[in-house]
Amino acid sequence: MFDKADITKEFAPLGVEPPYLGFGLGLRPQHYSEILQGNWPIDWFEILSENFMVPGGRPLAMLEKIRARYPIVMHGVSLSIASTAPLDMNYLASLKALAHRVQPKWVSDHLCWTGVHGVNLHDLLPIPYTHEALQHIVSRVHKVQELLGRAIALENVSTYIRFQHSEMTECEFVSELTRRTGCWLLLDISNVFVNAFNHGFDASACLNGIPADRVVQFHIAGHSDMGSHIIDTHDHPVRDEVWALYRSALKRFGPVSTMIERDEDIPPLAEVVAELSHARSIAEEVFGADRILAGRRQ
Ligand SMILES: [Fe+2]
């Protein structure tokens, strides 16, 4: 199952470090018109890659207009990097073609699997944090990066079960993955918060274990507190406890391109922009407005 040459390969950079973009939003069709008609304090947009893997139509037409005004990053949900099913070469070819068309600042997907044996479960499924799984995913990340000709970014997902077979923590697993592959990390602050609550670990200790120079993007989203557990629903404003963790993450990682995710009960653009402005104000409190404008490496 494993290609030993790939397993032993260490970090081999593919391309330069992505730029710091500031404060962005997930692009949602409900906001197309408002975005194009207004002059919003939004620095960049993240698109859902699969929504634009089409030969034409309104989504691509709107994207072209928005791309002319804002930097774009691509975010996928179908890579299934952790699956034992073969990599989907048709999907990867479409992804590469879209990246060629859009010229995103980076391309990301999730550290998860979404199906096997030809079945797509349309969910971001958890993985056991074992050395065997790590070697398997390292091998596949190398292949994807070689196919795309660029380092990808991978996002930590929210999880609701743990595997008794796990041999390391999630954060140790993620850190080792980026060390061995040179992939970037899309750190979902809300998912760290959700998993820390659901599985009883210290979210700040987790953040402190992740290499600061590999994180290129933060996600922040609202969740649903069910009492005994938390679900990452993306249907509420960001809660205070996640803002507090975001503040800690900024202190740990420096200025990182930050994005609000909202996927259900999507409000008018102004409401999401207000949340984004709150993220910006926290960063300005932590670093000062001048450093935020200058970027993370200043
Ligand atoms: Fe996310």
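Contact here means heavy atoms within 4.5 Å.

**Figure 1. Overall fold of the predicted model.** The protein comprises eleven helices and twelve strands. Among contacts between residues at least 6 apart in sequence, 80% join residues at least 24 apart. The C-alpha trace spans about 50 × 45 × 40 Å along its principal axes. A compact globule of 298 residues would have a radius of gyration near 19 Å, and the 18 Å of this protein agrees.

**Figure 2. Surface and charge of the protein.** Of the 298 residues, 53% count as buried. The protein exposes about 13100 Å². Carbon and sulfur atoms supply 54% of that area. There are 26 positive and 36 negative side chains. The centres of these two sets lie 7 Å apart.

**Figure 3. The buried residues of helix H3.** Helix H3 runs over residues 58-67. Leu60, Met62, Leu63 and Ile66 are buried there. They cover an arc of only 160° around the axis, so they sit on the same side of H3. An α-helix has 3.6 residues a turn, so residues three or four places apart point the same way. What covers the buried residues of H3? The cover includes two helices, H2 (32-37) and H4 (89-102). It also includes two strands, S2 (44-48) and S3 (72-75).

**Figure 4. Met259 in strand S12.** Strand S12 spans residues 257-261 and holds Met259. Is Met259 buried or exposed? Its relative accessibility is 0%, so Met259 counts as buried, the cut-off being under 20%. Beyond its neighbours within four places in sequence, Met259 is in contact with Gly24, Leu25 and Gly26, among others. Trp44 and Glu46 are also among its contacts. Ala196 is 63 residues from Met259 in sequence. In space, the two are 21 Å apart, C-alpha to C-alpha.

**Figure 5. His122, a non-glycine residue with positive phi.** His122 lies in strand S6, residues 119-125. Its phi is near 50°. His122 has a relative accessible area of 68%, and is therefore exposed, since exposed means over 50%.

**Figure 6. His234, a loop residue with positive phi.** Where is His234 found? His234 is in the loop between strand S11 (230-231) and helix H9 (240-253). Its phi is about 55°, although His234 is not a glycine. At 10% relative accessibility, His234 falls under the 20% cut-off, so this residue counts as buried.

Note on methods. Residues numbered from 1 in each chain as written. Predicted model: local features only at pLDDT ≥ 70, side-chain atom pairs only at ≥ 80, totals over all residues. Heavy atoms only, no water. Helix = DSSP H or I, 4+ residues; strand = E, 2+ residues; numbered from the N terminus. Rg over C-alpha atoms; globule rule 2.2 N^0.38 Å. Buried < 20%, exposed > 50% of the residue type's maximum accessible area, 1.4 Å probe, protein only. Areas by Shrake-Rupley, 256 points an atom, 1.4 Å probe, with all protein chains shown as cover. Lys, Arg positive; Asp, Glu negative; His and termini not counted. Charge placed at Lys NZ, Arg CZ, Asp CG, Glu CD. Arc of directions from axis to C-beta.
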